[in-house]
Every structure is written in C-alpha cells, then in structure tokens.
Amino acid sequence: MGLLGSLRNSISQVANTLFASDAEPKRIGIYGPPNAGKTTLANRIARDWTGDAIGPESRIPHETRRARRKENVEIERNGQTVTIDIVDTPGVTTKVDYTEFLEHDIEKDEAVRRSREATEGVAEAMHWLREDVDGVIYVLDSVEDPFTQVNTMLIGIIESRDLPVLIFANKIDLDEAQINRIENAFPQHETVPLSALEGDNMDEVYDKIAAYFG
Amino acid sequence: MMAGIEHDSADGVEIELISGQRMHDKTSMEKIRMILDDVRSGNIVILEEGLTPDEESKLIEVTMTEINPDDFSGIEIESFPQQTATGGGFLSRLIGSEPSNAKLTVIGPANQIHSLQKDDTLIRALISGK
Ligand SMILES: Nc1nc2c(ncn2[C@@H]2O[C@H](COP(=O)(O)OP(=O)(O)OP(=O)(O)O)[C@@H](O)[C@H]2O)c(=O)[nH]1
Ligand SMILES: [Mg+2]
C-alpha cells in the first residue's frame with residue numbers, strides 16, 4: 001500500500017472512530033443452558049465478521065467456564081453496519097456436580113477443578129446479566145425440553161431488566177429438533193431457528209441481530 | 001431454621017413452609033442466606049411467595065459460590081408461573097389488596113432431590129435418603 005493509500009486509510013479510521021461510533025457498541029450476552037451451542041454460535045458470528053473465533057466448543061458440558069468477550073463485531077446488513085460486542089457465557093445452571101465430569105473420562109482432580117471453574121463462571125455470568133449487558137441472545141437446544149426452571153428464571157430475569165432478547169432455537173439440523181416447542185414456551189419473544197454448527201438460517205440470524213441490537 | 005427450636009435432622013427430611021409474611025421485612029441477601037442455610041442442612045424450603053427475578057439471579061450466583069465437591073452440589077428449584085398467582089384470587093379481590101407477586105416456590109438440595117417435576121398445577125419432589 002502506497003503512502004497515500006495508508007494515509008487515506010488512517011484518515012478513514014479516524015473518521016470512523018470520530019463519527020461512526022459515537023455510541024459505545026452494545027454488549028450482547030449469549031446465555032442459555034450448558035451445551036446449547038452458545039460458543040459454536042459465538043464462534044460462527046465472530047468468524048463470519050472478524051475472521052477469528054472466541055473459544056473452544058465441546059460436547060462436554062461446562063466447556064466455557066469464563067465469560068469471553070469479542071469486541072467490535074461489525075455486522076453488515078442492507079448497507080448498514082451494526083457494531084456489537086459479543087459475550088459468550090458459561091451455561092447457566094443451579095447445580096454442578098463434579099462427578100458428572102468423571103463420566104466424560106476426566107480424572108477426579110481435573111473434574112474438581114473444572115466444576116470449581118464452572119461455578120465461578122456461572123456466578124460471573126449472572127453478575128454480567130445484572131450489570132453489564134445491553135441485550136441477550138438466549139440459545140436453546142431444540143432437541144431438549146425448553147420448559148425448565150432455569151430457562152424460566154433466566155428469561156424472567158432478562159425481562160425484569162427490560163433487556164431486548166432473542167430466543168435462538170439451535171441444532172435444527174438434528175431430526176429430533178422441535179422448534180414449535182420453544183416458540184410455545186416463550187410466546188412473548190421472537191424465536192429464530194438455526195444451526196450454529198451447519199450455518200443454517202444465518203441470514204435471518206444476522207437480520208434479527210441487526211434489528212434488535214442495532 | 002426457626003428461632004429457638006433445635007432440630008434433630010440426623011435422618012429424615014425436614015420441610016419448611018415459609019409464609020410470605022415471614023419474608024416481607026427481610027432484605028434480599030437475608031432471604032437468600034436463610035434459604036441456602038436451610039437447603040445446605042438438607043431441608044426442603046417452600047416459599048409461599050417466591051423470590052423476585054433479581055433475587056433469583058442472586059440466589060443462583062450465591063449458590064454457585066458455595067458449591068464445593070463432596071459437600072454441596074447446588075440446588076433444585078421449581079415454581080409456578082407468576083400468572084397463576086397474580087390473577088388476584090377471591091380473597092384478595094374481597095379485601096381489595098394489590099395482586100401479589102406470589103409464586104409458590106420449592107427449593108431443595110440437588111444431591112438429595114432425585115427429581116423435581118412440575119406441571120401446571122403440581123410440583124412433585126422425589127427425595128432420596130441420605
Ligand atoms: N447438531 C448440532 N450440534 C451443535 C450445534 N451447535 C452446537 N452443537 C454441538 O453441541 C455441543 C456443545 O456446543 P458448545 O458450543 O460448546 O455449547 P455451549 O452452549 O457453549 O456449552 P457450554 O459452554 O458448556 O455451556 C458441541 O458438541 C457442538 O458441536 C448445531 O447447530 N447442531
Ligand atoms: Mg460454551
């Protein structure tokens with residue numbers, strides 16, 4: 001890139017920070033029960049718009065044990081750019097039993113360590129929800145029963161804070177997926193079906209993110 | 001634990017039904033402390049009026065900080081949806097009181113409650129002996 005080109009670039013960067021982002025990007029928390037596909041979704045969003053990922057995905061529950069943030073994710077929709085920070089959170093639960101990790105061929109010491117990290121992470125995620133997020137994407141596994149107390153409580157907490165929320169019915173690539181059941185569980189909110197793993201219906205996902213959190 | 005009464009809960013499960021009135025003048029943290037102290041000593045707590053969403057979020061947070069291997073693995077919790085209780089029953093209409101936020105809530109120790117099932121009108125707890 002020539003001198004002029006890089007000069008033009010840095011000018012446009014300055015202009016961007018001066019004019020485009022006069023408001024702080026909204027911080028969008030990705031919440032939901034363990035194993036719903038939150039990190040898979042966060043990674044897909046980050047990869048699609050920034051080129052790199054947020055964190056490891058795994059079929060072992062409580063893989064994410066610290067809230068992780070990806071800043072300034074710029075999503076382009078219909079010529080408009082929506083900038084958000086995405087926060088991938090540990091799956092929320094009211095109980096963590098370290099012996100469950102043992103079933104995944106994890107040694108006791110490691111299982112105890114993981115469960116301690118998981119509990120710290122969930123506590124942290126609850127704190128974020130009360131203080132530090134401007135909107136929520138609530139991810140559910142469409143194969144699982146959505147009528148759980150944790151889901152009901154979490155949606156109740158989100159509603160009581162007046163946060164904009166989208167329900168994502170994930171894993172629609174699986175035969176047993178039941179999107180209707182999720183729509184019926186939370187009729188007061190918009191449900192968007194998707195497969196974060198396969199990338200199905202991501203256009204609608206980004207349309208809705210831009211519309212709700214832009 | 002009720003003031004002044006000593007419990008022998010060596011075996012058997014104790015169930016405490018806590019009236020809304022008993023909770024009214026408590027702060028959120030006092031309520032959460034009371035619930036977790038009860039649950040951690042193996043009891044099942046039934047709250048006549050439940051908790052606010054904010055209190056529920058703090059309950060989850062504090063529960064998480066208290067979980068430790070081989071001692072406390074967390075809680076099970078179920079409650080009836082707010083709507084069923086806020087309809088303002090016959091009594092509250094008669095007295096003309098504000099519709100309450102009552103939502104009957106059951107909370108117990110996760111390691112002792114085998115399952116907590118719920119349908120629209122019933123919560124069923126399956127408790128395993130220690
Ligand atoms: N079939 C299918 N599997 C998915 C999909 N999204 C995620 N998964 C799988 O579900 C498992 C859990 O995915 P994660 O993204 O780690 O789930 P999480 O919600 O972040 O889980 P925690 O961090 O443990 O709370 C992994 O094995 C993923 O590959 C999907 O759309 N379809
Ligand atoms: Mg994760």
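How much area is buried between chain B and chain A? In this predicted model, the answer is about 1,800 Å², with carbon and sulfur atoms giving 60% of that area.

**View 1. Chain B meets chain A.** Here 22 residues of chain B are in contact with 22 residues of chain A. Look for B:Ile60, B:Glu61 and B:Met64: together they supply 32% of the area that chain B buries against chain A, more than any other three residues.

**View 2. Polar and charged links across the interface.** We're looking at four salt bridges between the two chains. One of them joins B:Asp70 to A:Lys108, whose closest N and O atoms are 3.8 Å apart. Nine residue pairs are in polar contact across the interface of chain B and chain A. On chain B, helix H3 (53–66) and strand E3 (75–79) each put at least two residues into the side that touches chain A. The largest share, ten residues, comes from H3(B). Sorted by class, that side of chain B has eight nonpolar, six polar and eight charged residues.

**View 3. The open sheet of chain A.** Six strands line up as E2-E3-E1-E4-E5-E6, with mixed pairing. Strands E2 (68–77) and E6 (191–193) of chain A sit at the edges with a single partner strand each, so one side of each has no neighbour in the sheet. On average, neighbouring strands are turned by 30° against each other, direction ignored.

**View 4. E1 and E4 of chain A, with helices on the sheet.** E1 (26–31) and E4 (135–141) of chain A run parallel, paired over four bridges, and A:Gly29 stands opposite A:Val136 in E4(A). Helix H5 (149–160) of chain A packs on the sheet, touching E1, E4 and E5 of chain A, and its direction makes about 165° with that of E4(A). Helix H2 (38–50) of chain A lies across E1, E2, E3, E4 and E5 of chain A, at about 55° to E2(A).

Conventions:
Residues are numbered from 1 along each chain as its sequence is written. Chains are lettered from A and ligands numbered from 1 in the order in which they are written. This is a predicted model: local features need pLDDT of at least 70, side-chain atom pairs count only at pLDDT 80 or more; totals for chains, interfaces and linings use all residues. Side-chain values use heavy atoms; hydrogens and water are left out. Contact means heavy atoms within 4.5 Å. Buried area is the accessible area (1.4 Å probe) that two parts lose on being put together, summed over both. A salt bridge is a side-chain nitrogen of Lys or Arg within 4 Å of a carboxyl oxygen of Asp or Glu. A polar contact is a pair of N or O atoms within 3.5 Å; within protein, one must be able to donate a hydrogen and the other to accept it, and residues adjacent in sequence count only if both atoms are side-chain atoms. Ala, Val, Leu, Ile, Met, Phe, Trp, Tyr, Cys and Pro count as nonpolar, Asp, Glu, Lys and Arg as charged, and the others, Gly among them, as polar. Two strands pair if DSSP finds at least two bridges between them. Axes are lines fitted to C-alpha atoms, for helices over the stretch in contact, and angles run from 0 to 180 degrees between N-to-C directions.
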